[in-house]
Amino acid sequence: MVSFHLNLCFFQGVDLRQYSKQVEDELQRIEQGMLSGFQSDLSSISSEIQTLQQQSVSMNMRLKNRQAVRSHLSQLVDELVVPGAMIQVILESPVTEQEFLEQLHELNNKINFAKELSFRETLACSDIQDIVDRLKIKAVTKIREFILQKIYSFRKPMTNYQIPQNTLLKYRFFYQFLLANERTVAKEIRDEYVDTMSKIYYSYFKSYSGRLLKVQYEEVADKDDLMGVEDTAKKGFFSKPSLKSRNTIFTLGQRGAVLSPAELEGPILIPHTAQRGDCRYPYETLFRSQHYALLDNGCREFLFLSDFFMVAGNSALDLFNSVMGKTLSLFLKSMSTYVSDCYDSIAVFLCIHIILRFRAITNKRTIPALDKYWDAVLELLWPRFELILEMNIQSIRNTDPQKLGVLDTRPHYRANPHPPWPTSGTQLNNNLKNSKTVEVENFVLKMAAEFPSRRDQLIFLINNYDMMLSVLMERAADDSKEVEGFQQLLQARSQEFIEEILSSPFGGMIAFVKESEALTEKGQLDRLKNDEARITQLVRGFSSTWKQSVEALSQDVMRSFTNFKNGTGIIQGALTQLIQYYHGFHKVLAQPTFRSLAVRSELINLHHLMVEVKKHKPNF
């Protein structure tokens, strides 16, 4: 039984091994069969996916190409199609309508596109060329009629041509359209505008300049109105009389106000208004008004030409000269005529400064159109100005003071070391300027010699030196040699005048003090010990009359000098000198030689005298 069981187990173990081997073989077969097939299937799927990706990329590329072609074809079709709305607007709408301008832009684009297609020999171009050409002709005809009508409106009397100019600028594309598509018509319009505006400007400025001259001062300087020409010089029977006030030629006065910013760029003169008010003006005021009108119109015209006709640089300048050339030539001819017979140096110089400032204004506005004209005017004015100045210098050099008529001690209009013009920034020749200073100084000395008394001579010299110094200090540095020289001259003559006016009321005391001081230096003061009567008279005379004398002296000085500040300075100098003399008088009488004189007690206390004298000093 036991052996049977063992045998059974043996045979079962053999079967299990065989079974296990069979299972293992089956599993290996399955692995080799099914899994290998599955792996093969996966490889096939991956290959198909790559194929699909390639097909997708290819289809996407074809789609993009088709879209691009569609876009180009769509644009081409859109450009080739001429909408009915465009045809209707171009044919029927007024050119001033906004829709006409919009459709004109579209038409211009189609014309340019048609030209581009014709260059490429595109057959579709022939389908629209005819209608586009007919629309272009219609548009050109309407635009030409509109612009010419605006240009012709400039010619109507009393027309403000700036209004139609502004209208043309609003439709500046019209000219651009003509220039691009019909150059013959564009040239016709440009030539018509140039011809019209050239005549308008010429007529306006010729009329305006002529009417301005009617309100100019009737009295103008001529060749006999020079600084050194005698006022009483006899002239021919048919010659005009001299100016009533010749000093207006040599003094600036209010004439320089024309250069102030408010007046320089102020409104232009209205001649008929001035005539109704019986107003008269110097030449430089008329010159300013005339040229400010030119500047204003010239700048506006240059900007219009550059903007509307689309020009720049030399082309813009040439077009501007075509419009304004006749007017500028008229101005230069008029200036040449005026300058050739002008002897008013102030007018010429002010005109020079007006031109310089107007040139600066155009430069600031970046308008080069008038630069050559400004230079041409300056080339006329500068030589004439220097010639007039040289003529005045020569006339002063040759003047005989005895033929100048009645002289007084006030500043003489001829005694001007420089013309009344700002010297900074000018092209005035320095030698010419210095020559005039020397000649005027010599001339003042010659005129002073015509007065019989030294007192009047000194008053005349001080008044004129003071005026000359004031002019110099306005136009030169305070430390210049000219200013220093005239300051020394003025100081020396002022000190001499102080001695002169003190000598009349206080001459005895002054002479005694000077004599005593001289004898004291020599140790000979005792020579005056017997002059008790003289000293007594001097002490009592001063005490009784000094107040009245000082008051009369102050009034006399203030009447003699035209410059209040200069007069008060001389009064202060005279009172200070008087106190110094009286102080010297005190010192002399304090010497042992005069200590015993009883009259010393009647001397005025020096401190009291100084307090009293201060009351007579003018307050300013």
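Is the crossing of helix 10 and helix 12 left-handed or right-handed? In this predicted model, the crossing of these two helices is right-handed. The axes of helix 10 and helix 12 (residues 345–364) come within 10 Å and cross at roughly 20°. Angles under 35 degrees count as roughly parallel, so helix 10 is roughly parallel to helix 12.

On the helix 10 side, the contact is made by Tyr283, Glu284, Phe287, Arg288, His291, Tyr292, Leu295 and Cys299. Their partners in helix 12 are Ala347, Leu350, Cys351, Ile354, Ile355, Phe358, Ile361 and Thr362. By class, the residues of this contact comprise 12 nonpolar, 2 polar and 2 charged.

Helix 10 (283–308) also contributes to the largest pocket, as one of the elements that give two or more residues to its lining. The others are helix 7 (183–213) and helix 9 (271–276). Helix 7 gives the most, with 7 residues. The volume of the largest pocket is about 730 Å³, and 27 residues line it. Nearest the centre of the pocket lie Met158, Thr159, Tyr161, Ile200 and Tyr204.

Conventions: Residues numbered from 1 in each chain as written. Predicted model: local features only at pLDDT ≥ 70, side-chain atom pairs only at ≥ 80, totals over all residues. Heavy atoms only, no water. 1 Å grid on protein atoms, 1.4 Å probe; cavity = no way out; pocket = protein on both sides within 12 Å on 5 of 7 lines; lining within 4 Å. Points joined across faces, edges and corners; volume = space filled by probe spheres on them. Helix = DSSP H or I, 4+ residues; strand = E, 2+ residues; numbered from the N terminus. Axes fitted to C-alpha atoms, helices over the stretch in contact; angles between N-to-C directions. Parallel < 35°, antiparallel > 145°, perpendicular 65-115°, else oblique. Left-handed = near helix turned anticlockwise from the far one by under 90°. Contact = heavy atoms within 4.5 Å. Nonpolar A, V, L, I, M, F, W, Y, C, P; charged D, E, K, R; others polar.
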